[in-house]
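User: Got a chain here that I'd like to go through with you. Can we start from the core and work outwards?
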Amino acid sequence: MRPIKAHTLRDLLECSRRVWLDAHGDVTERIEPPPSFAQARGRSFEIFARQRYGTLRPVPSATWDESVAVTRDLMTQGVRVIAGASLERPHPHHPDLLVRGRIDLLVRAAGSIRDEALYFPVEVKMVREVRPEDRLQLDCYLWLLESDREGPEQGEFWLPGRPPEWIDISPHRYDEVRLLDAFRGVGDVLRQASAPPIYLTGHCDSCPWHAHCRTAANAEGAITLLNGLSRRSWESLIAAGLQTVDQVADQPPEALRRLKGIGPATVHQLISSARALRDRDAVLLQPLPEALFRPIVMLDIETGLSFQEQGLPWSYGWSDVNGDLHAAVVARYSDADQTILPDGRPVRLLRDYAEGWRMIADYAEAHDALVYHWSGYDSGIMRQTAPPDAAEILNRRMRDLLHVFRQCVMLPVRGRSIKTVAAYLGYAYPPASDYAQAWNDYRRWLMENDRAALQRAMAYQLADVEAMLIARDWLVRRAAGEA
Ligand code: SF4
């Protein structure tokens, strides 16, 4: 029998292609993504479980068959809490398929006796709201438990609480109709002769088929490469038989406008994007705003990832009106005004994030400069965290460079993150750097005075600023016909 995971039911709600590839794809093309930062934080739940129930009995995971055998043995013994329990049961409509689930915790229900222990599943989540796909997953665990004995009707989600050291427990009731519908949906997808078309989106980042799908999308010139393509527009194009970028590039605008969910603005975006991709060249959409030629500060901030400091700036990277780069970090307990990194770069030390916003506001005001940033994230954080005097100045001066890019140019690449744009323009970020790594390095510096770690964090921070400078300069040269 071919195994499918309980996770497959979740995947069905996000991407039927993933369901198909998990069953029929070439396993050598699967690349398991590293655990996300949120997943790495899951250990606090284990501590909570120990506090609540005492000893946990983990199930070893040497082989799947062994894990299933150990889980059954522990359940037969009536062990109170089993961590990482493994269960399986044949698919109700496809006897050749075996449904498998690895459950965070199986807890013996209060009142059930050891000889006839009744267990309920606990699913640990890193999100505060339970989503439909989470419910399906827990339905599946309850259904897997049903195979052995009568089975419980209810499970629990454990969610991050407020304050952060709390865990919120959210009960879940089994819904058989919902589950059997999902099983049928999985069966329909598995019967398809070929993989469903590719729709790349945010959840692809955590999918083991991401590299495979990206390669396939590039090779096919699939429409998912188009910028400004919502799922609804994608579905309309697919339903109309428009599967490739070249097909869209050749469409008259009126033909696209007749499709469901595609308005005039979307048509313009899609055709520009298709032509840029087809011709492998940027398309200028409109003249640059005058504001791009005024004195400019490029700003990028990093914000905390711990529960206590989520959304609070800890780092400011910025360029002055001459294009020179500067860095500042929050160092609440330091008396010094600055520290010097091993590479000789000075980093200003701030008492708190309010001081960082004042620093940027004062500089911009003194030089009558506009403060450019990439996307609405930085300005949103500014509005939430800047003191009123600094916010009053920055509200007048902050501008979104991503918005300017969107309005003025279409690049022949999918996505408009500053990293994507910078890569297209030939700029390389420091290897293996991202916001989570920068946050961890900053914490390491705070706790262990590891200046090499701070240097890594600042290299990432300033790369964003440098990338924005390069993007602006390229845009100006391109508009003048020089790039
Ligand atoms: S990478 Fe995205 S499109 Fe491809 S299978 Fe995974 S979720 Fe689906």
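User: Which residues touch the most other members of the largest nonpolar core?
Analyst: Val186, Ile223, Val248, Val329, Ile360, Leu394 and Met468 do, out of 123 residues in that core. A nonpolar core here is a set of buried Ala, Val, Leu, Ile, Met, Phe, Trp, Tyr and Cys residues joined through C-beta atoms within 7 Å. Buried takes 20 or more other C-beta atoms within 10 Å of a residue's own, exposed is 12 or fewer, and partly exposed is in between, with C-beta atoms placed from the backbone.

User: And which element gives the largest share of this core?
Analyst: H19, with 14 residues. Helices (H or I, at least four residues) and strands (E, at least two) are DSSP runs, numbered from the N terminus.

User: Before I go on, what kind of model is this?
Analyst: It's a predicted model: local features need pLDDT of at least 70, side-chain atom pairs count only at pLDDT 80 or more, and totals for chains, interfaces and linings use all residues. Residues are numbered from 1 along each chain as its sequence is written.

User: OK, the overall numbers then. How many helices and strands, and what share of residues is buried?
Analyst: The protein chain has 19 helices and 16 strands. Of its 483 residues, 35% count as buried. The C-alpha trace spans about 80 × 65 × 35 Å along its principal axes.

User: Back to H19. At what angle does H16 pack with H19?
Analyst: About 30 degrees, with the axes of H16 (residues 401-408) and H19 (residues 451-479) 11 Å apart. Those axes are lines fitted to C-alpha atoms, for helices over the stretch in contact, and angles run from 0 to 180 degrees between N-to-C directions. So H16 and H19 are roughly parallel to each other. The cut-offs are under 35 degrees for roughly parallel, over 145 for roughly antiparallel, 65 to 115 for roughly perpendicular, and oblique for the rest.

User: Which residues meet there?
Analyst: From H16 you have Leu401, Phe405 and Cys408, and they meet Met468, Ala471, Arg472 and Leu475 in H19. Contact means C-beta atoms, placed from the backbone, within 7 Å. By class, the contact of H16 with H19 has six nonpolar, no polar and one charged. Nonpolar covers Ala, Val, Leu, Ile, Met, Phe, Trp, Tyr, Cys and Pro, charged covers Asp, Glu, Lys and Arg, and the others, Gly among them, are polar.

User: How do H13 and H15 cross?
Analyst: The axes of H13 (residues 353-366) and H15 (residues 388-397) cross at roughly 55 degrees and come within 9 Å. That makes H13 oblique to H15. On the H13 side the contact uses Trp357, Arg358, Ile360, Ala361, Ala364 and Glu365, and on the H15 side Ala390, Ile393, Leu394 and Arg397. The classes there are seven nonpolar, no polar and three charged.

User: New topic: Thr385, which helix is that in, and what does Thr385 contact?
Analyst: Thr385 lies in H14 (residues 377-385). Beyond neighbours within four places in sequence, Thr385 contacts Leu312, Pro313 and Tyr353. Thr385 counts as partly exposed because there are 19 C-beta neighbours inside 10 Å.

User: Last one, the backbone. What is phi for Arg280, and where is Arg280 found?
Analyst: Phi of Arg280 is positive, about 50 degrees, although Arg280 is not a glycine. Most residues other than glycine have a negative phi. Arg280 is in the loop between H12 (264-279) and S8 (283-284), and is exposed, with 8 other C-beta atoms within 10 Å. Asn449, in the loop between H18 (435-448) and H19, also has a positive phi, near 50 degrees.

Methods. Two residues are in contact if their C-beta atoms, placed from the backbone, lie within 7 Å.
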